[in-house]
Amino acid sequence: KKASRSNVSAKDLQNWSAQLLNVLVYIHKIGFVHADLKPDNIYIDSDGNITVFDFGYAVPLPFEHHGRGNPHIKSPESAGLI
């Protein structure tokens, strides 16, 4: 679902943020980093449930592949900042 700024409530943002956090905690718990998380890789259905997809850049923990991921939106880990 494509949401415009005019129809997104604070409650929607809280719900999506909590769901995304749960997904990331789970992915890290099973030993992986997505390495290319961006809005284009998150789908929100009509009920407000998110699905994270496109795990093509995913790597096992510990994260040591600093050159992977989208160079324009790299996380601090992949940019070698931490």
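The chain has an accessible surface of about 6,000 Å², and 57% of that belongs to carbon and sulfur atoms (areas come from the Shrake-Rupley method with a 1.4 Å probe, and for residues only the protein chains shown count as cover). Keep in mind that this is a predicted model, where local features need pLDDT of at least 70, side-chain atom pairs count only at pLDDT 80 or more, and totals for chains, interfaces and linings use all residues. Residues are numbered from 1 along each chain as its sequence is written, and side-chain values use heavy atoms, with hydrogens and water left out.

On to the fold. You'll find 1 helix and 4 strands here, in the order α-β-β-β-β along the sequence. Helices (H or I, at least four residues) and strands (E, at least two) are DSSP runs, numbered from the N terminus. Of the chain's 82 residues, 21% count as buried (under 20% relative accessible area; exposed is over 50%, partly exposed in between, with a 1.4 Å probe and protein chains only). Take the contacts (heavy atoms within 4.5 Å) between residues at least 6 apart in sequence: 43% of them join residues at least 24 apart.

Now for the charges. Side chains of opposite charge can pair when their charged atoms come close. The structure holds 1 salt bridge, meaning a side-chain nitrogen of Lys or Arg within 4 Å of a carboxyl oxygen of Asp or Glu. The partners are Lys-38 and Asp-36, at 3.8 Å from N to O. Asp-36 counts as buried, at 5% relative accessibility.

Next, the backbone. Most residues other than glycine have a negative phi.

Last, the surface. Tyr-26, Ile-30 and Phe-32 make up a nonpolar patch there, with about 310 Å² of accessible area together. Patches are made of residues with over 30% relative accessible area and no salt bridge; like charges are joined within 9 Å, and nonpolar side chains (Val, Leu, Ile, Met, Phe, Trp, Tyr) within 5 Å. Within this group, Phe-32 sits in strand E1 and is partly exposed, at 37% relative accessible area.
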